[in-house]
Amino acid sequence: MRYKVVKCPNCGKLQITTANKAYRCFRCGSTTSLEEARILLVTEDGEKAREFLKSLLPKEEPWFRQASRR
Ligand SMILES: [Zn+2]
């Protein structure tokens with residue numbers, strides 16, 4: 001399985017998707033084709049994708065930090 005770290009062109013939300021053609025943004029709900037999306041990383045390693053995403057996330061997303069602290 002391929003993990004892609006993508007950036008929503010609509011709202012700028014960063015997230016991981018395994019979709020091949022299009023994915024739905026968690027934040028704004030818009031569906032973005034992977035051709036349009038900004039793909040920052042493609043990897044087979046889900047852990048690596050999460051680490052990469054975490055390193056990029058802005059500090060104003062405390063929900064993520066809380067969730068990842070466990
Ligand atoms: Zn979005």
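Reader: How many helices and strands does the secondary structure of the protein chain come to?
Author: In this predicted model, the protein chain has two helices and five strands. Following the sequence, they come in the pattern β-β-β-β-β-α-α.

Reader: What makes strand β1 and strand β2 a pair?
Author: Two strands pair if there are at least two bridges between them. Strand β1 (residues 3-7) and strand β2 (residues 14-17) are joined by four bridges, so they meet that cut-off. The two strands run antiparallel.

Reader: Which residue in β2 is the bridge partner of K7?
Author: The partner of K7 is L14.

Reader: How many residues lie between β1 and β2 in their hairpin?
Author: There are six residues between them. One of the turn residues, G12, has a positive phi of about 85 degrees.

Reader: Where is G46, and why does G46 count as partly exposed?
Author: G46 belongs to helix α1 (residues 46-56). A residue is buried with 20 or more C-beta neighbours within 10 Å and exposed with 12 or fewer. G46 has 13 such neighbours, so G46 falls in between and counts as partly exposed.

Reader: Which residue is 42 residues apart from G46 along the chain, with its C-alpha atom 9.0 Å away?
Author: That residue is K4.

Reader: What share of the residues in the protein chain is buried?
Author: Buried residues make up 16% of the 70 residues.

Notes
Residues numbered from 1 in each chain as written. Predicted model: local features only at pLDDT ≥ 70, side-chain atom pairs only at ≥ 80, totals over all residues.
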